Amino acid sequence: MLTTSPSADRIYLDNSATTPLCPAARERMLAAMDCYANPSSVHGAGRDARGMVENARREVARVLGIMAPKPGELIFTASGTEADNLAILGTAHAKARRTACRILTTDSEHPAVKEPLAALEQEGFEVVRLSTRGGVIDLDDACAAMDERLFMISMMLVNNETGARYPLEKIFSAARRLAPQAILHTDAVQGFLKVPISAKSMGADLITISAHKIGGPKGIGALWINPALLTAKRIVPVILGGGQESGYRSGTENTLGIAGFGAAAAAGGSSIAADTTKMRRLRDGLIARLAAELPEVHPNLPTGETAPHILSLTLPRIKSETMLNHLSGAGICVSAGSACSTHAKNKTSSALLAFGLTPAEADSTIRVSISPATTEEEMDRFFAVLREGVSRLVRF
């Protein structure tokens, strides 16, 4: 998943928001520009476009451990957000509810999950939000909510602001025993190609992924659907029209984006072990250097497992926006949290509050997210500019 730097004089450390287009995706998309026909057309040009779409579908599915995806098993969408909506609303509206109307989630979900669940709550579903304080989920608390009333579990694999890696395999395994009728969904957008997973090992029914977090283009996501859900007709489309994507996502396929997604997935899948090792080494090196040379900057380290590419840092009496401007002035790109939440009226991060930070601490927190292309020299430069900012910007 090696990516190219967006600019020779810029240090990009905001890879949880989006990643630069990797060379493999760029090359594939350039080729796809000449494959302009509609993939639903039956003529030769249409079949060429269809072949490109299906090749990419196999490449993405293969990274999830699916060697030969069945029709409807991997659905391309316009984003991870749309895939989350299809997973949540498409299952909730598939059949008339009987006794099962409880949904189990966490208190630190991405808006793409949080908002559809809030909408279902207005329809009468019961939404149980588990604590993620310290970046952990209590398995006993999760199991306590699992009975015949449980309709769905929807939880992110990796928190996009703290890097916490939640123990979904254990939670989903428990659900199979205690509430076997429940549908199990994970938003794996931040974990895909950052932590080793497969559809089988995860034990999920629905897995959301997105291209632009792995070196692919923006505007293309996917939802893996357990074929058992398709057979039982436990999911219905949320976008209606011409019946593309096996009827689960109407609209002419984004051939260009799909092609880039497939290439990025194939490239990243071939180097995930080396990539994750490098990213964790850079992240851990920054943590050690902060402890030794800049202890007033506090890393928000999850108590449990963590992803290798995300580090949340709380600054000493410096607003995150102030530090972002300072870093940006030196050509360094980081963020204050989820890029998908910047338009919210209340900009204090709910994920950081759920982690255990106070509102003041959350408003003084930045997120550093690295990629396989990040270098030691870039991390050194970031540290130097951060230290300069701390010495100049602290409010006494």
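Predicted model: local features only at pLDDT ≥ 70, side-chain atom pairs only at ≥ 80, totals over all residues.
What about Cys35, buried or exposed? With 13% relative accessibility, Cys35 falls under the 20% cut-off, so it counts as buried.

How many disulfides are there? The count is zero. A disulfide is a covalent bond between the sulfur atoms of two cysteines, and a pair is counted here if the sulfurs lie within 2.5 Å. For Cys35, the closest cysteine sulfur belongs to Cys22 and sits 19 Å away, which is too far for a bond. Cys101 is in no disulfide either; its nearest cysteine sulfur is that of Cys143, 19 Å away.

## Helix 1 against helix 9

Next, a helix pair. Helix 1 covers residues 23–32 and helix 9 covers residues 255–269. They pack at an angle of about 150°, and their axes are 8 Å apart. Angles over 145 degrees count as roughly antiparallel, and therefore helix 1 and helix 9 get that label. The crossing of helix 1 past helix 9 is right-handed.

Which residues make the contact? Helix 1 brings Ala24, Ala25, Arg28, Met29 and Ala32, while helix 9 brings Leu256, Ala259, Gly260, Gly262, Ala263, Ala264 and Ala267. Sorted by class, the contact of helix 1 with helix 9 has nine nonpolar, two polar and one charged residues.

Pro217 is found in the loop between strand 7 (206–210) and strand 8 (221–225). Its relative accessibility is 9%, so Pro217 counts as buried.

What does Pro217 touch, once its neighbours within four places in sequence are set aside? Its contacts are Leu21, Met29, Ala211, His212, Gly257, Gly260 and Phe261. As for Gly191, it is 26 residues from Pro217 in sequence and 17 Å from it in space, C-alpha to C-alpha.

## Helix 10 against helix 14

A second pair is made up of helix 10 (residues 272–293) and helix 14 (residues 376–393), which pack at an angle of about 30° with their axes 11 Å apart. That angle makes helix 10 roughly parallel to helix 14, since the cut-off for this label is under 35 degrees. Helix 10 passes helix 14 in a right-handed crossing.

On the helix 10 side, the contact uses Arg281, Leu282, Leu286, Arg289, Leu290 and Glu293. On the helix 14 side are Glu376, Met379, Asp380, Phe382, Phe383, Leu386 and Arg387. By class, this contact of helix 10 with helix 14 has seven nonpolar, no polar and six charged residues.

Most residues other than glycine have a negative phi. Lys233 has a positive value, near 55°, and is not a glycine. Glu245 isn't a glycine either, and its phi is positive too, at about 50°.

Where do they sit? Lys233 lies in the loop between helix 8 (227–231) and helix 9, and Glu245 has its place in the loop between helix 8 and helix 9 as well. Are they buried or exposed? Lys233 is exposed, with a relative accessible area of 62%, whereas Glu245, at 6% relative accessibility, counts as buried.

Technical notes. Residues numbered from 1 in each chain as written. Heavy atoms only, no water. Axes fitted to C-alpha atoms, helices over the stretch in contact; angles between N-to-C directions. Helix = DSSP H or I, 4+ residues; strand = E, 2+ residues; numbered from the N terminus. Parallel < 35°, antiparallel > 145°, perpendicular 65-115°, else oblique. Left-handed = near helix turned anticlockwise from the far one by under 90°. Contact = heavy atoms within 4.5 Å. Nonpolar A, V, L, I, M, F, W, Y, C, P; charged D, E, K, R; others polar. Buried < 20%, exposed > 50% of the residue type's maximum accessible area, 1.4 Å probe, protein only.
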